[in-house]
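User: Can we go through this model together? I'd like to know what stands behind each label.

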Amino acid sequence: MIGALIMRDVRRGFAGAAWLPIFFFLLVSALAPFAIGPDARILSRVGPGVLWIAALTAALLPVERLVEPDRADGILDQLFVHGLAEESVAIAKTLAHWLSFGPLLLLAAVPAAALLALDGSSLARTELALLIGTPGLASLAVAVAAVTAGLPRAGSLAGLLLLPLAVPLLIFGAADAYLLEVAVSLLLSAGAPFVTGAAIRAART
Amino acid sequence: MTSLLRFEQVTLRRGGRLLFEDLDLALHPGEALHVTGPNGSGKSSLIRLAAGLLEAERGRVERSAFALADDRLALDRELPLARALGFWGGQVAAAMDALGIHHLSDVPVRLLSSGQAKRAALARVAATGAALWLLDEPLNALDADGAERVGRIVADHLARGGALLAASHQLLPGTAGTLELAR
């Protein structure tokens with residue numbers, strides 16, 4: 001059941017708007033040279049930070065369709081009926097969300113780095129930081145999606161919840177402090193399924 | 001004989017309102033219970049309580065493996081019906097045959113009429129082979145043929161030693177016991 005759920009969510013991720021966050025990510029990266037100016041030295045200095053901000057905002061885009069459609073349609077109730085713990089559902093959804101978002105983002109970081117005049121070694125460092133950080137970001141996105149599921153204007157509320165919680169990832173990711181970033185990402189990945197599970201249970205009426 | 005569903009002294013309060021108090025019921029293999037009552041009397045809540053989706057304020061609810069159909073379809077709307085039902089597993093083809101929706105196998109779920117969607121939800125339950133069926137308004141939106149088919153699968157289910165708890169305004173064909181909830 002859990003494997004089928006992961007496959008289903010990945011399929012829905014790609015069938016839906018999987019490309020949208022990626023285009024958004026590229027768009028934000030493309031806007032930075034216009035806002036900052038074409039000076040390659042300045043761009044390559046702020047580039048990694050811009051990539052992180054672009055990644056954070058792109059991660060926000062799919063939040064509304066991660067949990068709410070399944071809650072509204074009774075899928076979450078049926079998964080419970082089939083004996084799946086809410087925390088297992090949360091892990092499956094997080095994994096599926098990362099799969100339909102993480103690899104594409106890592107791929108899109110290559111052209112984005114060219115737009116920001118990043119050289120090879122700083123691209124490699126940023127890619128590694130994104131690889132470490134995106135699982136934490138995906139866990140956070142699913143937890144926030146579950147907490148805000150069914151609320152009016154959930155999208156804006158999700159932004160207010162997610163972005164401050166992602167600040168540690170941003171700080172350590174942009175500073176290439178890999179071990180601290182691993183710690184934060186692990187903490188988020190380990191804690192978020194319990195938050196998500198509790199939120200799914202609390203949303204039942 | 002072991003019961004498939006048992007309520008012991010169950011009290012349920014929702015939104016500060018007492019829906020029922022100290023309710024006892026037991027469903028054994030082959031038994032069906034029909035829950036009636038006016039709108040807002042707690043029929044759906046009773047079903048969700050039986051499913052474990054609501055917590056009782058007091059009392060105990062025990063159940064065996066079960067399947068649930070309520071007013072939400074729980075099928076992926078973009079998929080063809082047979083694939084959407086296949087996600088939940090079980091004897092999908094036989095269940096679709098029994099409910100007369102086999103010809104809709106390749107039709108996307110979002111294009112189904114409300115009666116066809118109801119049949120699909122019931123096919124999801126019938127396919128599981130679970131011993132206990134919890135059905136909330138199983139006859140809503142169904143035509144005469146649909147109601148007759150539901151009566152037939154319910155009769156088969158009971159004959160195989162299954163049990164049924166149904167909340168409905170219309171009487172399900174073949175169900176014996178009735179529990180009326182007061183407002």
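Analyst: Strands are DSSP runs of E with at least two residues, helices are runs of H or I with at least four, and both are numbered from the N terminus. Keep in mind that this is a predicted model, where local features need pLDDT of at least 70 and side-chain atom pairs count only at pLDDT 80 or more, while totals for chains, interfaces and linings use all residues. Residues are numbered from 1 along each chain as its sequence is written, with chains lettered from A and ligands numbered from 1 in the order in which they are written.

User: What makes S1 and S4 of chain B a pair?

Analyst: Strand S1 (residues 5–14) and S4(B) share 5 bridges, in the antiparallel sense, and the criterion asks for at least two. So they pair. As for a bridge partner in S4(B), Thr11(B) has Arg58(B).

User: Why is strand S4 of chain B called hardly covered?

Analyst: A residue is buried if 20 or more other C-beta atoms, placed from the backbone, lie within 10 Å of its own, exposed at 12 or fewer, and partly exposed in between. Among the 6 residues of S4 (58–63), the count of buried ones is 0.

User: What makes a set of residues a nonpolar core?

Analyst: It takes buried Ala, Val, Leu, Ile, Met, Phe, Trp, Tyr and Cys residues joined through C-beta atoms within 7 Å. The largest one here has 117 residues, and those touching the most other members include Ala55(A), Ala141(A) and Leu165(B). Helix H8 (residues 120–148) of chain A gives the largest share of this core, 14 residues.

User: Which residues does Leu165(B) touch?

Analyst: Contact means C-beta atoms, placed from the backbone, within 7 Å. Leaving out residues up to four places away in sequence, Leu165(B) touches Leu5(B), Leu27(B), Leu33(B), Val35(B), Ile47(B), Ala50(B) and Leu134(B).

User: How many helices and strands does chain A have?

Analyst: Chain A has 11 helices and 0 strands. Its radius of gyration, taken over C-alpha atoms, is 17 Å, close to the 17 Å from the globule rule for 205 residues, so chain A is as compact as a globular protein of that length. That rule is 2.2 Å times the number of residues to the power 0.38.

User: How many residues does each chain bring to the contact?

Analyst: Chain A brings 11 and chain B 12. On the side of chain A, H5(A) gives the largest share, 5 residues.

Notes. Two residues are in contact if their C-beta atoms, placed from the backbone, lie within 7 Å.
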